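Please consult the sequence and the structure below while reading.

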Amino acid sequence: MTDRKRTAEDREGAGPRAKRRRGEELVAAIHRAAMEETAEHGLGRLTMEGIARRAGTAKTSLYRRWSSPEDIVLEALYRVYPVEEPSPGADDLRGDLVSALTLMRDALMSPLHGRVMGALLDESTRRPDLHERLYKEVFDARGGRFTRTVLLHYAEQGRIDPARLTPVVFDMGEALLLKYGVDNFGIPDDDYIAAIVDQAILPAVGYAPEDPPAG
């Protein structure tokens, strides 16, 4: 559909400052708008009209690619979800674990990302299908869970005994990071992240902080 054939409704949705954008530039603007709308209004009140208006584009641009506002938010989260990349030589376990938790803190605890995740998790308590989609289309699709990614990498390289990698060990670092946020209504600093690694994760996999596996 050309600009001349857009309906009046589409023009209103595009807003007075709309500009012609295409490809990834337009998709990025729509993703950002969807996350901001979700953070402001919650998932239950998210609409195609609101996303289009905030993105400065026509509503028809959204329906060409997505069927629902929920689809846009999940794709946006997939795009921004961080993935830890451990040292290829598996020679800095402590550093990689600290980096993984720092990545989680800086990305997932940012104001926008945090509010969006909170809105989706809140809605997921009423909608098991959304909870399933969140894991399938975002978490699992991106291939990892921060410290879990690091620990599996070191086990595959023979640096950690795989028998030590239980579900509790996989989750303990992230759980402590989230608990800090709940208990203190704040974001943990670098020293607290280092303490999680030194006092919890490394001992759980059989190493003291001063003696992590090296290449």
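## Helix 9 and helix 10

The model discussed here is predicted. The angle in question is about 140°, and the two axes lie 8 Å apart. Helix 9 covers residues 147-156, and its crossing with helix 10 is right-handed.

On the side of helix 9, the residues that meet helix 10 are Thr-147, Arg-148, Leu-151 and Leu-152. Their partners in helix 10 are Val-169, Phe-170 and Glu-174. Sorted by class, this contact holds four nonpolar residues, one polar residue and two charged residues.

## Helix 6 and helix 11

A second pair is formed by helix 6, residues 93-108, and helix 11, residues 190-204. Their axes come within 9 Å and cross at roughly 130°. Helix 6 and helix 11 are therefore oblique to each other, and their crossing is right-handed.

Helix 6 contributes Leu-93, Arg-94, Leu-97, Val-98, Leu-101, Thr-102 and Arg-105 to the contact. From helix 11 come Asp-190, Ile-193, Ala-194, Ile-196, Val-197, Asp-198, Ile-201 and Leu-202. The contact of these two helices has 10 nonpolar residues, together with one polar and four charged residues.

## Helix 5 and helix 8

Helix 5, which spans residues 69-80, packs against helix 8 at an angle of about 35°, with the axes 9 Å apart. This crossing, too, is right-handed. In helix 5 the contact residues are Glu-70, Asp-71, Leu-74, Leu-77 and Tyr-78, while helix 8 supplies Leu-130, Arg-133, Leu-134, Glu-137 and Val-138. Six of the residues in this contact are nonpolar and four are charged, with no polar residues.

## The largest pocket

Rolling a probe the size of a water molecule over the atoms shows where empty space is left. The largest pocket has a volume of about 660 Å³. It is lined by 21 residues, of which Met-104, Leu-108, Met-117, Leu-121 and Leu-178 are the closest to its centre.

Which helices supply at least two residues each to this lining? They are helix 6, helix 7 (111-124), helix 8 (128-139) and helix 10 (167-184). Helix 10 provides the largest share, namely six residues. By class, the lining consists of 14 nonpolar, four polar and three charged residues.

Definitions and conventions: Residues numbered from 1 in each chain as written. Predicted model: local features only at pLDDT ≥ 70, side-chain atom pairs only at ≥ 80, totals over all residues. Heavy atoms only, no water. Axes fitted to C-alpha atoms, helices over the stretch in contact; angles between N-to-C directions. Helix = DSSP H or I, 4+ residues; strand = E, 2+ residues; numbered from the N terminus. Parallel < 35°, antiparallel > 145°, perpendicular 65-115°, else oblique. Left-handed = near helix turned anticlockwise from the far one by under 90°. Contact = heavy atoms within 4.5 Å. Nonpolar A, V, L, I, M, F, W, Y, C, P; charged D, E, K, R; others polar. 1 Å grid on protein atoms, 1.4 Å probe; cavity = no way out; pocket = protein on both sides within 12 Å on 5 of 7 lines; lining within 4 Å. Points joined across faces, edges and corners; volume = space filled by probe spheres on them.
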